[in-house]
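Trainee: Could you take me slowly through a single part of this model, and then show me what lies around that part?

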Amino acid sequence: MQHDRVSSMDGGEKQDPIVNPEALEPLHSLEYNKVSEEPAVEYKTLHWQKDVQLYATFLDRKEDLMAEHTAYMEKHPELQALLADFLQLILSRKPQDPIFMAATFFASLSANTLPETSNVNSL
């Protein structure tokens, strides 16, 4: 394969950028890189709360998720205690950086400190 010249869109020839990287055109000068001022698709606001079918679908999904989450919490009562402890710590200390406090709190429960009966692979 010969890499001496590459044809340009206007019919002229340019040097091959593989051979001469200085022959590359700046990206902003390429026609297909120009950004259109107009959006390609006109977006309409979706008022799903006013659409009876969409709102019913939303309510059904919300109800299903709440039932799933409630069942999971009932199956794992230790979660309620864990979350209660965490919230009590955060609300009583009111740290400047609650994310760091959360990381510190939950790091104490990392995989390195789990009881041996725990099945980490099921996570």
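Trainee: Which residues of helix H3 (residues 98-107) are buried?

Mentor: This is a predicted model, in which local features need pLDDT of at least 70 and side-chain atom pairs count only at pLDDT 80 or more, while totals for chains, interfaces and linings use all residues. Residues are numbered from 1 along each chain as its sequence is written, and side-chain values use heavy atoms, with hydrogens and water left out. Helices are DSSP runs of H or I with at least four residues, numbered from the N terminus. In H3, the buried residues are Met101, Ala102 and Phe105, where buried means under 20% relative accessible area, exposed over 50% and partly exposed in between, with a 1.4 Å probe and protein chains only. These three lie on the same side of H3, because they cover an arc of only 100 degrees around the axis, the arc being that of the directions from the helix axis to the C-beta atoms. An α-helix has 3.6 residues a turn, so residues three or four places apart point the same way. On the face of H3 turned away from that buried side, you will find the exposed residues Ile99 and Phe100.

Now step back to the loop between helix H2 (77-93) and H3, which is the place of lysine 94. Lysine 94 is exposed, with a relative accessible area of 65%, and its phi is near 45 degrees, a positive value in a residue other than glycine. Most residues other than glycine have a negative phi.

Conventions. Helix = DSSP H or I, 4+ residues; strand = E, 2+ residues; numbered from the N terminus.
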